[in-house]
Amino acid sequence: MLCQGVRMLDVIVVGGGLSGTIAAVVLARAGHRVALVDRHRIYPPDFRAEHMDEPQADALRRLGLLDAITAGVPCVRQVAVGRRGRLLGTWPTINYGMRYDSIVNAARALLPPGVQLLIGRVANVQTGTQEQRVLLADGRVVTGRLLIVATGLGFALCSKLGVTREMLHKGHSLTFGFDLVPATGGHFLYPFTVYQGDRVAERIDYLAAFEIGATMRANLFTFRDYREPWTEALEQEPERVLNQSLPGLAKVLGPFRVAGPVHVRATDLYTSDGFRQPGFVLIGDAFQTACPAAGKGMTRALTDVEQLCTVHVPRWLATPGMGVEKISAFYDDAAKQASDAQAMHTAHYRRAVTTETGLRWTLHRQRLLATAVARGLAQRSPAWLHRQAA
Ligand SMILES: Cc1cc2nc3c(=O)[nH]c(=O)nc-3n(C[C@H](O)[C@H](O)[C@H](O)COP(=O)(O)OP(=O)(O)OC[C@H]3O[C@@H](n4cnc5c(N)ncnc54)[C@H](O)[C@@H]3O)c2cc1C
């Protein structure tokens with residue numbers, strides 16, 4: 001069955017996670033004829049990004065989507081930073097606690113009525129300078145002038161397109177997610193706390209605890225291996241292992257219990273090769289992954305969308321054809337390249353500053369701590385002083 005009869009679409013987006021959904025919304029709002037294809041009508045619960053920071057909020061604001069996506073979600077403007085059982089200070093920040101599926105589904109709700117939302121798995125694609133054909137596993141076919149591949153970590157479609165993945169670091173980091181409740185009832189002192197690991201042997205970068213509705217959610221960012229006994233111990237006995245590995249955490253956060261399951265995800269760092277081809281572009285995780293500890297995955301995805309959909313696609317559609325010289329302009333875009341490079345640099349930096357034992361990194365960590373202590377002394381939290389006095 002041919003879904004789109006006589007009229008070819010302008011753009012077909014395959015993959016309706018954050019990058020694909022926002023791309024479809026932005027292009028359709030600009031008046032382009034768009035189809036979005038994804039396996040799920042409603043993005044399912046999945047352990048991914050669970051809070052949005054300032055650069056991500058800024059990108060959504062520039063795209064005119066922030067207010068609608070974060071409607072009803074409080075913006076937290078201070079983060080309490082702790083280490084070695086002490087509060088270093090409270091710094092200004094912007095943070096929205098939202099599970100990934102909530103962010104994506106809020107974006108899906110903004111798809112203009114003209115967008116064809118096709119639910120199903122894309123089994124194959126045929127690409128070229130004039131026309132892109134997308135074949136769904138159930139036999140449906142859609143054709144368009146440009147194909148945007150936003151399939152995230154799934155590699156099957158990229159492989160069919162002749163794109164290869166360059167593995168930069170397998171098992172780069174390991175991220176945990178779980179809910180926290182105050183062990184003695186009441187509330188946690190701060191709506192958003194970051195507690196930094198300080199023992200290199202633990203390979204813990206930091207724990208971020210932030211409110212999602214009435215729940216205090218924690219993300220623990222580590223550079224450990226999935227197969228270590230420590231990982232299983234954390235899943236089985238989270239409170240014991242957390243108190244052992246981050247002995248001062250309860251002093252800053254308050255006594256806590258872990259409620260419900262402990263989710264764990266390993267992240268590989270990779271980038272793509274062989275992507276300069278006519279007819280299609282890769283965006284988001286389909287192009288390059290980011291380390292969750294660096295918090296740049298959504299920033300990268302949104303930079304890709306903003307540059308592609310507001311700068312390049314309108315130019316490409318203005319003239320016939322979708323040759324490789326048009327497509328290359330996106331991969332050569334300075335803002336995209338800077339965002340990719342920064343995400344990769346931060347991924348390696350976070351691992352090094354957390355795990356490296358040499359003199360250079362030891363001195364670097366001491367300098368970072370001294371700077372944070374000085375900043376904290378200059379700007380002591382009234383809440384903390386009150387707590388100390390109590
Ligand atoms: C544990 C964890 C924590 C993270 N924490 C953070 C954080 O704190 N901050 C941050 O910025 N980033 C974080 N990230 C990274 C961030 O979540 C990702 O970079 C971002 O979600 C990538 O979005 P995407 O749209 O590229 O891919 P996805 O959201 O994975 O979307 C891909 C979509 O493609 C669809 N799809 C795939 N193949 C097909 C097919 N053949 N046919 C049809 N549909 C298909 C899938 O169903 C899916 O909907 C984290 C990641 C993980 C794993």
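Which residues of helix α10 (residues 324–331) are buried? Lys-326, Ile-327 and Phe-330 are, where buried means that 20 or more other C-beta atoms, placed from the backbone, lie within 10 Å of the residue's own, and exposed means 12 or fewer. These three lie on the same side of α10, because they cover an arc of only 95° around the axis, the arc being that of the directions from the helix axis to the C-beta atoms. On the other side of α10, Val-324 and Glu-325 are exposed.

The model is predicted: local features need pLDDT of at least 70, side-chain atom pairs count only at pLDDT 80 or more, and totals for chains, interfaces and linings use all residues. Residues are numbered from 1 along each chain as its sequence is written. Helices (H or I, at least four residues) and strands (E, at least two) are DSSP runs, numbered from the N terminus.

The cover over the buried residues of α10 includes the elements below, with contact meaning C-beta atoms, placed from the backbone, within 7 Å.

| Element | Residues |
|---|---|
| β15 | 280–282 |
| α11 | 334–355 |

Helix α9 also belongs to this cover.

Elsewhere, eight strands form an open sheet with mixed pairing, two strands pairing if DSSP finds at least two bridges between them. Its edge strands are β3 (51–52) and β14.

Definitions and conventions
Two residues are in contact if their C-beta atoms, placed from the backbone, lie within 7 Å.
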